[in-house]
Amino acid sequence: MTGLMIDVSTHEQLSFLGKRVLAGGQVSREEASWLFSLESTADIFDLMSWANRIREHYKGNKIHLCSIVNAKAGACSENCSFCAQSSAYQTGSPRYGFVDPEPVLEAANEANLHQVTAVGLVAAWKGLKEGPMLDEVCDRISELASTGKTRPDASLGIIKSQKVADRLKEAGLECYGHNLESSRAFFPKTCSTHTFDDRLETIGYLKKAGIKICSGGIIGMGETREDRCDLAYTLKEIGANVVPINILNPIKGTPFENVPPLPPMEVLKTIACFRFILPRQEIMIAGGRTINLRDMQSMVFTAGASALMVGNYLTTLNQPVEKDLQMLKDLGLDPNWDSHDFADQEEPVSQPISFRPRQVVAV
Ligand code: SF4
């Protein structure tokens with residue numbers, strides 16, 4: 001006995017919680033908060049190894065790839081503090097009106113070529129109402145769906161009527177991207193031209209229309225770990241199918257241009273915590289991964305991610321798709337999956353959970 005004290009309880013607790021999630025159980029808000037509070041690299045790698053097991057258990061080696069087309073760029077009326085496309089900021093970002101069919105069909109061809117299973121039409125505006133623009137959007141969605149080359153997704157902002165959601169569904173839309181951005185508490189720091197509740201209301205209409213939900217947020221905007229934890233639980237509550245995690249890429253000219261970057265280990269830990277909280281959902285790493293994670297990008301899968309946004313983002317560049325495909329191949333991961341099957345992303349009925357007290361063991 002040397003008198004050396006090693007706290008092995010963290011390892012034991014991670015194993016306890018990891019086994020519970022693997023067995024179909026859940027982590028409580030208090031337990032998740034503890035996961036987010038882990039600091040040492042050894043503990044974070046331990047957490048990630050369990051997140052990786054959970055991903056493999058629920059998702060196998062399948063990785064969902066998704067890409068986006070900026071269907072209407074810039075001059076947006078909203079003032080989201082992270083966004084290059086808001087008319088409130090001078091960012092030099094491109095501006096153009098709603099796209100013709102050709103670029104959308106080109107995106108479908110490219111997606112098909114690279115095993116990308118979903119293409120999302122993204123528009124920089126507050127939202128979509130009934131009228132000629134909705135007709136045009138529905139045309140683009142129908143054209144995309146009729147190619148049979150990719151799943152048509154869209155991210156078109158706030159919806160204030162059930163009829164709009166129903167029309168999108170009729171046009172062939174399967175999944176709608178609508179991030180909550182952050183926790184309810186932090187949201188007002190990201191935007192003041194619409195509210196967190198506007199976003200939840202939109203998701204309500206979409207779900208009622210039978211459209212699957214792609215909703216996540218952005219980390220690294222100055223929010224706390226508790227905000228990230230709250231976001232994950234709200235996403236669980238709303239039944240998001242796909243959960244994009246964006247990592248802030250501070251854009252010059254926006255209010256967040258000088259926000260310091262999160263350390264890569266904090267990003268990976270956040271992904272792992274999301275996997276513990278959302279074991280069945282597609283956790284998708286989206287904008288900001290290249291600039292924030294650099295050589296550590298492949299570790300997102302070890303941290304529990306099961307999906308990747310590939311190709312360029314709305315206003316920033318990504319690494320080439322070929323490089324991402326090689327990364328997946330090297331990791332033994334497979335981008336081929338049935339993109340129309342959402343069954344493995346649904347939340348089960350919640351189960352009772354308990355938290356074992358911590359112990360300090362002398363060795
Ligand atoms: S995030 Fe969307 S709604 Fe907000 S400013 Fe950018 S384009 Fe507009």
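Mentor: Let us begin with a helix pair: α6 passes α8 in a right-handed crossing. Helices here are DSSP runs of H or I with at least four residues, strands are E runs of at least two, and both are numbered from the N terminus. A crossing is right-handed if the near helix is turned clockwise from the far one by less than a right angle, and left-handed if anticlockwise.

Trainee: Which residues of α6 and α8 make the contact?

Mentor: Two residues are in contact if their C-beta atoms, placed from the backbone, lie within 7 Å. On α6 the contact uses Gln162, Ala165, Asp166, Leu168 and Lys169, and on α8 it uses Tyr205, Leu206, Lys208 and Ala209. By class, 5 of these residues are nonpolar, 1 is polar and 3 are charged. Ala, Val, Leu, Ile, Met, Phe, Trp, Tyr, Cys and Pro count as nonpolar, Asp, Glu, Lys and Arg as charged, and the others, Gly among them, as polar.

Trainee: At what angle do α6 and α8 pack?

Mentor: Axes are lines fitted to C-alpha atoms, for helices over the stretch in contact, and angles run from 0 to 180 degrees between N-to-C directions. For α6 and helix α8 (residues 196-209) the angle is about 45°, with the axes 8 Å apart. This makes α6 oblique to α8. Angles under 35 degrees count as roughly parallel, over 145 as roughly antiparallel, 65 to 115 as roughly perpendicular and the rest as oblique.

Trainee: How do the axes of α5 and α6 cross?

Mentor: Helix α5 (residues 132-147) and helix α6 (residues 162-171) have axes that come within 8 Å and cross at roughly 30°. Therefore α5 is roughly parallel to α6. Their crossing is right-handed. Leu134, Cys138, Ile141 and Ser142 of α5 meet Val164, Arg167, Leu168 and Ala171 of α6. The residues of this contact comprise 6 nonpolar, 1 polar and 1 charged.

Trainee: What should I know about the origin of the model and its numbering?

Mentor: The model is predicted: local features need pLDDT of at least 70, side-chain atom pairs count only at pLDDT 80 or more, and totals for chains, interfaces and linings use all residues. Residues are numbered from 1 along each chain as its sequence is written.

Trainee: Is Glu181 buried or exposed?

Mentor: A residue is buried if 20 or more other C-beta atoms lie within 10 Å of its own, exposed if 12 or fewer, and partly exposed in between, with C-beta atoms placed from the backbone. Glu181 has 23 such atoms within 10 Å, so it is buried. This residue lies in the loop between β7 (175-177) and α7 (187-190), and its phi is positive, near 70°, although it is not glycine. Ala75, in the loop between β2 (64-72) and α4 (101-113), also is not a glycine and has a positive phi of about 55°. Ala75 counts as partly exposed because it has 15 C-beta neighbours inside 10 Å.

Trainee: Where is Gly332 found?

Mentor: Gly332 is in the loop between α13 (321-330) and β13 (361-362). With 8 C-beta neighbours inside 10 Å, Gly332 counts as exposed.

Trainee: What does the secondary structure of the chain come to?

Mentor: The protein chain has 13 helices and 13 strands. Of its 363 residues, 45% count as buried.
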